[in-house]
Amino acid sequence: MGHIMNIYYCYSCGYRKVFEDYAGIIHQKYPEISVIGANYDPPGLNMYLSRLIGFGKMILIILFDIIITLAKDIERI
């Protein structure tokens, strides 16, 4: 069995495709190396903060959409 390379990536950031491309290149050049990828979860409090920030961004997007819709409705009156 050859060497194993572990790569951790942020799945929610869209790095899965980058990982797959990178793993393919490594496998072509060095077929004896096994590349294993996994999702990287930030440790402890950072994980909760990142989820909270993501949730907050979604709320802001929804609120912004509601405000714009209401503003357009007011202009029609």
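These are my notebook entries on a predicted model.

**Ground rules.** I worked from a predicted model, where local features need pLDDT of at least 70, side-chain atom pairs count only at pLDDT 80 or more, and totals for chains, interfaces and linings use all residues. I numbered residues from 1 along each chain as its sequence is written, and side-chain values use heavy atoms, with hydrogens and water left out.

**Entry 1: the annotated span.** I looked up residues 52-71, which an unreviewed UniProt entry annotates as "transmembrane region". UniProt positions are in the numbering used here, feature names are shortened, and annotations may be inferred rather than shown by experiment. I found the span to be 100% helix and 0% strand, with its end C-alpha atoms 28 Å apart. Helices (H or I, at least four residues) and strands (E, at least two) are DSSP runs, numbered from the N terminus.

**Entry 2: salt bridges.** I asked how many salt bridges the structure holds. The count is 3, where a salt bridge is a side-chain nitrogen of Lys or Arg within 4 Å of a carboxyl oxygen of Asp or Glu.

I started with helix H1 (residues 16-29). Arg16 and Glu20 form a salt bridge at 3.2 Å, N to O. They are 4 residues apart in helix H1, so about one helical turn separates them. For exposure I used relative accessible area: buried is under 20%, exposed is over 50%, and partly exposed is in between (1.4 Å probe, protein chains only). Glu20 is partly exposed at 39%, and Arg16 is partly exposed at 40%.

I then checked Lys17 and Asp21, whose side chains meet in a salt bridge at 3.0 Å, N to O. Both lie in helix H1, 4 residues apart, about one turn of the helix. Asp21 is partly exposed, with 40% relative accessibility.

In helix H2 (residues 45-76) I looked at Asp73 and Arg76, 3 residues apart and about one turn of the helix. Their salt bridge is 3.6 Å, N to O. Arg76 counts as exposed at 69% relative accessibility, whereas Asp73 is partly exposed at 34%.

**Entry 3: Ile26.** Is Ile26 buried or exposed? I have Ile26 down as buried, at 9% relative accessibility. Ile26 sits in helix H1. Leaving out residues up to four places away in sequence, I listed the contacts (heavy atoms within 4.5 Å) of Ile26 as Met5, Pro31, Ile33 and Val35. Met5 is 21 residues from Ile26 along the chain, and I noted 9.8 Å between their C-alpha atoms.
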